[in-house]
Amino acid sequence: MALLEINALSKVYPNGTQALRSVSFTVERGEFLAVIGLSGSGKSTLLRCINRLIEPTSGSIVFDGADVTHIKGDALRRYRQQIGMIFQQFNLIGRYSVLQNVLMGALGSVTTLDSILGRYRPELHTMALRNLEIVGIADKAHVRADSLSGGQQQRVAIARALMQEPKLLLADEPVASLDPATSHGVMRYLGYINRQLGCTIICNLHFLSLVREYASRVIALKYGQIVFEGSPAEITDDWFRHIYGDEAVEVEIR
Ligand SMILES: Nc1ncnc2c1ncn2[C@@H]1O[C@H](COP(=O)(O)OP(=O)(O)OP(=O)(O)O)[C@@H](O)[C@H]1O
Ligand SMILES: [Mg+2]
């Protein structure tokens with residue numbers, strides 16, 4: 001059974017914009033799937049539909065064999081707990097320590113009062129420190145999150161997502177705010193989490209050079225439709241022009 005099945009998914013926003021047009025694909029366990037396409041092609045809409053931050057207009061989402069397209073309440077909460085999310089802007093709480101930010105990823109398994117009072121079970125502390133070690137940043141556990149560099153903050157955000165022990169990690173342009181060297185640093189940790197922890201990853205990316213280095217498979221969106229599906233190596237110059245347009249020139253990030 002595939003981890004995720006997207007069937008004829010469409011999204012029309014209330015203002016009439018059709019952001020996804022009958023998108024279908026399957027994600028197997030252990031894949032590192034990159035989603036590419038021009039700005040506005042529907043990449044973020046797709047990720048937000050998958051974790052049900054926005055409601056698809058039609059089509060279905062099947063996760064781990066269960067149709068999650070219309071689940072609500074507790075079922076939706078349980079579904080979301082299996083999916084970690086990482087954003088371009090990290091979304092840390094700057095005045096909190098790195099460790100506190102990571103612990104917030106365990107909300108769901110902690111009551112609101114306990115989290116306000118900073119009362120976390122010792123095993124969650126141990127887990128948070130271990131996750132900080134995974135992203136190579138355990139020595140920063142007790143500094144304020146806003147004192148870290150962008151790349152370090154994104155690694156904290158990854159450690160926070162790992163607190164859910166997610167089956168699937170969704171990353172929406174996780175390195176778009178970072179310089180090239182730092183981008184590779186963050187992507188390498190995502191690769192490690194994918195291979196060593198067996199976490200399936202779907203990652204929106206702008207740079208094909210990163211796709212080629214880290215993804216096991218790619219889908220390309222254009223005007224909300226899938227126009228390419230295959231391995232990174234299969235994206236020839238002709239495909240590149242088809243996906244990004246004739247005027248596009250590939251910029252490499254090394
Ligand atoms: N909340 C919204 N209401 C109306 N239209 C929206 C909304 N969010 C996105 N759109 C539109 O839907 C289309 C797809 O947007 P989306 O953000 O999914 O693209 P994207 O591929 O993630 O782009 P980028 O690379 O710039 O992040 C665009 O035309 C966008 O303007
Ligand atoms: Mg986007």
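Mentor: After H5 comes Gly 136, with a positive phi near 70°. Helices are DSSP runs of H or I with at least four residues, strands are runs of E with at least two, and both are numbered from the N terminus. This is a predicted model, where local features need pLDDT of at least 70, side-chain atom pairs count only at pLDDT 80 or more, and totals for chains, interfaces and linings use all residues. Residues are numbered from 1 along each chain as its sequence is written, with chains lettered from A and ligands numbered from 1 in the order in which they are written.

Trainee: Which residues of H5 are buried?

Mentor: Met 127, Ala 128, Asn 131 and Leu 132. Buried means 20 or more other C-beta atoms within 10 Å of the residue's own, exposed means 12 or fewer, and partly exposed is in between, with C-beta atoms placed from the backbone.

Trainee: Where do they sit around the axis?

Mentor: They cover an arc of only 140°, so they are on the same side of H5. The arc is taken from the directions from the helix axis to the C-beta atoms.

Trainee: What do they pack against?

Mentor: Helix H3 (98–104) and H6. Contact means C-beta atoms, placed from the backbone, within 7 Å.

Trainee: And what is on the face turned away?

Mentor: The exposed residues Pro 122, Glu 123 and Thr 126.

Trainee: New topic. Which residues surround ligand 1?

Mentor: Among them are Tyr 13, Asn 15, Lys 43, Ser 44 and Thr 45. A residue counts as near if its C-beta atom, placed from the backbone, lies within 6 Å of the molecule. Helix H1 (residues 43–50) gives the largest share of that shell, three residues.

Trainee: How many are polar?

Mentor: Nine are polar, two nonpolar and one charged. Ala, Val, Leu, Ile, Met, Phe, Trp, Tyr, Cys and Pro count as nonpolar, Asp, Glu, Lys and Arg as charged, and the others, Gly among them, as polar.

Trainee: Back to phi. What is the phi of Phe 90?

Mentor: About 65°, which is positive although Phe 90 is not a glycine. Phe 90 lies in the loop between strand S6 (83–86) and H3.

Trainee: Is Phe 90 buried or exposed?

Mentor: Phe 90 is buried, because 23 other C-beta atoms lie within 10 Å.

Trainee: And where is Asp 64?

Mentor: In the loop between strand S4 (58–63) and strand S5 (66–67). With 15 other C-beta atoms within 10 Å, Asp 64 is partly exposed.

Key
Two residues are in contact if their C-beta atoms, placed from the backbone, lie within 7 Å.
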